[in-house]
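Thank you all for making time this morning.

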Amino acid sequence: MTDTTALFTPHAFAGLELSNRLVLAPMTRTSAQDDGQVHFDMVDYYRDFARGNFSLLITEGIYTDDAFSQGYANQPGLANQAQQNSWRPVVDAVHQQGGRIIAQLMHAGAQTQHNRFKDEVVAPSESRASGEMLSFYGGSGPFPLAREISEAEVHDAIAGFTTSARRAKEAGFDGIELHGANGYLIHQFISERFNQRDDAWGGDAIARLAFPLAVIRSVREAVGADFAIGMRLSQGTVTEPELTWQGGPDKARERFAKLMEAGLDFLHLTGSDVDAPAFPEADDERERSLSLTALAAQVRSEKAAEVSLITNGNVANVAKAQAALQHADLVAIGRSALANHDWPKRVQRGTCLTEFDFSMLSPLATLANEEDWRIANDKPANCEGRC
Ligand SMILES: Cc1cc2nc3c(=O)[nH]c(=O)nc-3n(C[C@H](O)[C@H](O)[C@H](O)COP(=O)(O)O)c2cc1C
């Protein structure tokens, strides 16, 4: 039997005391009300993961303003007072179960599929996300052509992140995560694929951090020192998971250093697999096997930075979760958590884990659909051989 001691060791960061190392990964569920307020089903949904002993929950991506940030129909927002108030019952329900909850703040940029405020889509430079819109979020056909975001709109977008972070704090959240992964706006600014600007928001791999760094500074000023701020990063996007960052391991280390120096409390690294080598083509043989999280851990240790590391990607069993803690402090679980809202409890009790089944997200990734799937398919009593 796998030793699970490390997984169930407490961890503290930014004043948050976590009872174990298991984090619910952010997952969009397109189940909010049409006006972006939380639907009461979401209260039960998030409470369930806290009851199941995830010590920290990261919400689905929440849009930040009433301009260009919304990406999906029935995506929740933190863009106005009514949306802020609607999150309170979620936060309270999680806290009542002893869990902590962080709001993921997201601007969809070129990957917008539905926005009830604007007909246009913006990105750092004129660009189009590749592939087809995601049908399980209600999209179909190619992504729209995004126009270049103007200087004034860049400042509006930063203001959106800032105001929504303040709203998250007022709603009782324990922190915020800036969504800089999976090809959304922050990632687009980092990426040469979407950012060909020659002004202060563009340039080489390090200059392209100007936007995320400006967002971090502005959010920190608004929420103060005692509120957790993190950023999620990935190399790939939702439709191009195989993309890698320009500049290999050295530039990746430089990026991590800049972001850590900006005062983040945590960095959340995600990809197809926690163990996947980040730069398998690297010139230096020793570098070829390093995962993104291993690279970030090296930088943290060199800089003695006080930043917690969360790792994520394809962790569906306890041995892999335990191994992921070699470089990270916390491990975030996505799909396997959908199939097992009580993943940590099951592991503690030695109960089988139910396998994730994509049909629980089809035709739409909604909570109602998940409920239907659970009724039809979840048979934990019959799970021999699936541990
Ligand atoms: C239904 C669904 C919705 C997702 N929505 C988000 C999201 O809103 N924000 C985000 O950063 N990642 C999102 N992801 C990615 C997950 O957080 C996670 O990185 C991915 O599923 C890989 O982890 P896993 O192998 O544990 O599932 C989503 C994934 C799924 C399956």
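At what angle do helix H3 and helix H5 pack, and how far apart are their axes? Before I answer, please keep in mind that this is a predicted model. Helix H3, which covers residues 151-170, packs against helix H5, residues 210-223, at an angle of about 40°, and their axes lie 9 Å apart. If we then ask about handedness, H3 passes H5 in a right-handed crossing.

Turning to the residues that meet there, H3 contributes Val-154, Ala-157, Ile-158, Phe-161, Thr-162, Ala-165, Arg-166 and Lys-169, while on the side of H5 we find Phe-211, Ala-214, Val-215, Ser-218, Val-219, Ala-222 and Val-223. Sorted by class, this contact of H3 with H5 holds eleven nonpolar residues, together with two polar and two charged ones.

Now let me move to the strands. Eight of them form a closed barrel, running in the order E3-E4-E5-E8-E9-E10-E11-E12 with parallel pairing, and neighbouring strands of this sheet are turned by 25° against each other on average, with direction ignored. As one example of the pairing, strand E9, residues 228-237, and strand E10, residues 266-270, pair in the parallel sense over four bridges, and Gly-230 has Phe-266 in E10 as its bridge partner.

Finally, how do helices sit on this sheet? H5 packs on the sheet and touches strand E8, residues 175-182, as well as E9, with its direction making about 160° with that of E9. Helix H7, residues 292-303, also packs on the sheet, where H7 touches E9, E10 and strand E11, residues 308-312, and the direction of H7 makes about 175° with that of E11.

How values were computed:
Residues are numbered from 1 along each chain as its sequence is written. This is a predicted model: local features need pLDDT of at least 70, side-chain atom pairs count only at pLDDT 80 or more; totals for chains, interfaces and linings use all residues. Side-chain values use heavy atoms; hydrogens and water are left out. Axes are lines fitted to C-alpha atoms, for helices over the stretch in contact, and angles run from 0 to 180 degrees between N-to-C directions. Helices (H or I, at least four residues) and strands (E, at least two) are DSSP runs, numbered from the N terminus. A crossing is left-handed if the near helix is turned anticlockwise from the far one by less than a right angle, and right-handed if clockwise. Contact means heavy atoms within 4.5 Å. Ala, Val, Leu, Ile, Met, Phe, Trp, Tyr, Cys and Pro count as nonpolar, Asp, Glu, Lys and Arg as charged, and the others, Gly among them, as polar. Two strands pair if DSSP finds at least two bridges between them.
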